[in-house]
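Here are my notes on the structure you sent, as numbered points. Please read them with the model open.

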Amino acid sequence: MRGMNRKDLQLIKAESGEEIILKQCLVQPDLVTSKDIKTPVAKGDVLFHTLPSGDIEKLKIVRVDAFTNLMPHYELKVEKLD
C-alpha cells in the first residue's frame, strides 16, 4: 500500500449526524482502508469520496474491521449509495 494516494474523507455518523474527517484513507470499489484508528467508525456511517471528475460518491459502511496490531488500521466494507 505504500506510495498509494491516501486522502481524507468526510464521515457522517449514522446515529448523530455528526460530521468528522476520517484521515489517511485508501478507497477501492468496495473497501476503504484508513490508518486513522482513533476516529470512531460504525456500521451505517456514510463516507463522502470526491472523484477526480469532481462528483461526490457516497459510501455506506456495511462492516468495520479494526486492526490494532503493529500497523493499526481500519478495513471498512462499503457499498455505494445513489
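1. Charges. The protein carries 13 positive and 13 negative side chains. The centres of these two sets are 5 Å apart. Please keep in mind here and below that the model is predicted.

2. Secondary structure. The protein contains 6 strands and 0 helices. Along the sequence this reads as β-β-β-β-β-β.

3. Overall dimensions. The C-alpha trace spans about 35 × 30 × 20 Å along its principal axes. The radius of gyration is 12 Å, which agrees with the value near 12 Å for a compact globule because the chain has 82 residues.

4. Contacts along the chain. Among contacts with a separation of 6 or more, 37% are between residues 24 or more positions apart.

5. Surface and burial. The accessible surface is about 5,600 Å², and carbon and sulfur atoms account for 51% of that area. Of the 82 residues, 30% count as buried.

6. Nonpolar core. Which residues touch the most other members of the largest nonpolar core? They are Val-32, Val-41, Leu-47, Ile-61 and Leu-76, in a core of 13 residues. Two or more residues of this core come from each of strand E1 (7-12), strand E2 (19-27), strand E5 (56-67) and strand E6 (73-81). In soluble globular proteins, nonpolar side chains tend to be buried together.

How values were computed: Residues numbered from 1 in each chain as written. Predicted model: local features only at pLDDT ≥ 70, side-chain atom pairs only at ≥ 80, totals over all residues. Heavy atoms only, no water. Core = buried A, V, L, I, M, F, W, Y, C linked by side-chain atoms within 4.5 Å. Buried < 20%, exposed > 50% of the residue type's maximum accessible area, 1.4 Å probe, protein only. Helix = DSSP H or I, 4+ residues; strand = E, 2+ residues; numbered from the N terminus. Rg over C-alpha atoms; globule rule 2.2 N^0.38 Å. Contact = heavy atoms within 4.5 Å. Areas by Shrake-Rupley, 256 points an atom, 1.4 Å probe, with all protein chains shown as cover. Lys, Arg positive; Asp, Glu negative; His and termini not counted. Charge placed at Lys NZ, Arg CZ, Asp CG, Glu CD.
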